[in-house]
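Dear colleague,

Please find the structure below, handed over for your own analysis. My notes on salt bridges, helix packing and backbone geometry follow it.

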Amino acid sequence: MLKQILKYILTAILTAEAKLVLRKYKPRIIAVTGSVGKTGTKDAVYAVFSKFFFVRRSEKSFNSEIGIPLTILGCDNGWNNPLIWFRNILDGLSLIVNRKLYPEWLVLEVGSDHPGDIKRIAEWLSADINIITAFPRIPVHVEFFSSPQAVNEEDALLARALKPDGFLILNQDDPEVLAVKGKTKARVVTYGFADGSTLVGSHPLVLYEGESGNEQPIGVTFKVDYEGNSIPVRLRGVLGRNPMYSALAALATGKAIGLNMITTIESLASYETPPGRLRLIPGVKNSLIIDDTYNASPIAVETALSALLELATRGRKIAVLGDMLELGKYSVEEHKRIGEIAGKMCGILITVGIRARGIAEGALIAGMDENNIFQFENSREAGKHLEGILRAGDVALLKGSQSIRMERAVEEAMLHPEDKEKLLCRQDEEWSKR
């Protein structure tokens, strides 16, 4: 109880400081919302805008009531250290009292775990640009809302808080996202792979390199079609559609304010998806790991499995899937459904957690041989088993909700575990204690 009271007081102080900082320095704000792909999109926008402006972005996934003020103030998460929180308050006061160099643009990730989260933020944060990424059928955190639609409505609230001359950047491939267009008078720019988008993605392909017969995937490429032009985009070290959508959203945002399209595309050469988001990591025995371990929801797992399916490989395709949490009444059905999809796509399935037993059940229903299904209660055991069965040419996809800690399974099977702090998610000291 005391901890909650202290958190409330701290959030109130930092939010008050953030409001004053915004009023004083008047930065332009890009807010990224949606149930999938926020962090990757935020980082892609940063890669584009930092070539033109002085920009600050949310660190990692600072998207909460306390994370957003911290980003505005340029402060770190204090976790359980009261001295760091006290220093943050003083740093905020210093920004208000003194005139300091401050970013021209802020790229903020805004998320909702519970009803009212975004509503409270929208009461004081008015963006110049709002990007909405995706509204899946069963979004993450749906357990805490009355329905999936309620989650989507919460995420869309920032669109109504846009400044009068603001831009709304929408994923045209998602009908629920596109429907937000009719709820605002903002100028709209769309992106997607569907015809009719302002920026249309086309010809998506996996990039390979290496000798014939021993090629390794190294990233993806696609074309951006707009105003009669078609320009190729290359993204290294990633797979799947999600990084492409993030890149398209960033390019659409740049186009909205008139940035040069060629330069914005070139700026994506420096774009790296955040750790744990469909990143390619070398595995033991000349295998390959698709690390998508940051978090999991049904649509995100489907997307990751599709990326695995698209790969051409001389080895086996292995899925290591952990529990998907916070799905509430949809949990049993969705785990089984994901299992049926995985059972048709993969040669070997490894599950982690109690709920993921439903994934194994779904794979059996899909016809997967039970001898190719392995079930574990924790991620390290699963990772050690994966390390033991990997062969040259195999590709393993790893994914699960945050608290299942699937990055630990990656650590067991990656070729260079000494690089884990650079390559994997949740490597902070605070996470290591959990």
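In which helix is the place of Glu 153? Glu 153 sits in helix H6, where helices (H or I, at least four residues) and strands (E, at least two) are DSSP runs numbered from the N terminus. With a relative accessible area of 43%, Glu 153 is partly exposed; buried means under 20% relative accessible area, exposed over 50%, and partly exposed in between (1.4 Å probe, protein chains only). Glu 153 and Ala 186 are separated by 33 residues in sequence and by 17 Å in space, C-alpha to C-alpha.

Two remarks on conventions are needed. This is a predicted model, in which local features need pLDDT of at least 70 and side-chain atom pairs count only at pLDDT 80 or more, while totals for chains, interfaces and linings use all residues. Residues are numbered from 1 along each chain as its sequence is written, and side-chain values use heavy atoms, with hydrogens and water left out.

Salt bridges

A search of the whole structure returns 20 salt bridges, a salt bridge being a side-chain nitrogen of Lys or Arg within 4 Å of a carboxyl oxygen of Asp or Glu. In the pair formed by Lys 42 and Asp 43, the closest N and O atoms are 3.1 Å apart. Lys 42 and Asp 43 are both buried.

Glu 227 and Lys 255 form another salt bridge, with 2.7 Å between the closest N and O atoms. Glu 227 lies in the loop between strand S8 (216-226) and strand S9 (229-236), and Lys 255 in helix H9 (residues 241-256), so the pair ties together parts that are 28 residues apart in sequence. Glu 227 is exposed, at a relative accessible area of 61%, whereas Lys 255 is partly exposed at 23%.

A further salt bridge joins Lys 420 to Glu 411, the closest N and O atoms being 3.2 Å apart. Here Lys 420 counts as partly exposed at 25% relative accessibility, and Glu 411 counts as buried at 17%.

Helix packing

Two packed helices are described by the angle between their axes and the distance between the axes. Axes are lines fitted to C-alpha atoms, for helices over the stretch in contact, and angles run from 0 to 180 degrees between N-to-C directions. Angles under 35 degrees count as roughly parallel, over 145 as roughly antiparallel, 65 to 115 as roughly perpendicular and the rest as oblique.

The axes of helix H11 (residues 298-310) and H12 come within 10 Å and cross at roughly 0°. H11 and H12 are therefore roughly parallel to each other. Their contact (heavy atoms within 4.5 Å) is made by residues including Val 301, Glu 302 and Leu 305 of H11 and Glu 334, Arg 337 and Ile 338 of H12. By class, this contact has eight nonpolar, one polar and three charged residues; Ala, Val, Leu, Ile, Met, Phe, Trp, Tyr, Cys and Pro count as nonpolar, Asp, Glu, Lys and Arg as charged, and the others, Gly among them, as polar.

Helix H12 (residues 331-345) also packs with helix H13 (residues 357-365), at an angle of about 50° and with the axes 6 Å apart. That makes H12 oblique to H13. The crossing of H12 and H13 is right-handed, meaning that the near helix is turned clockwise from the far one by less than a right angle (left-handed if anticlockwise). Four nonpolar, five polar and three charged residues make up the contact of H12 with H13.

For helix H2 (residues 38-49) and H9, the axes come within 8 Å and cross at roughly 45°. H2 and H9 are therefore oblique to each other, and their crossing is right-handed. Among the residues that meet are Ala 44, Val 45 and Val 48 in H2 and Ala 247, Ala 250 and Thr 253 in H9. The contact of H2 with H9 divides into seven nonpolar, five polar and no charged residues.

Backbone geometry

Most residues other than glycine have a negative phi. His 141 has a positive phi of about 70° although it is not a glycine. His 141 is found in the loop between strand S4 (129-132) and helix H6 (148-155), and is buried with a relative accessible area of 15%.

Arg 426, also not a glycine, has a positive phi of about 55°. Arg 426 lies in the loop between helix H16 (420-423) and helix H17 (429-432) and is buried, with a relative accessible area of 8%.

With kind regards
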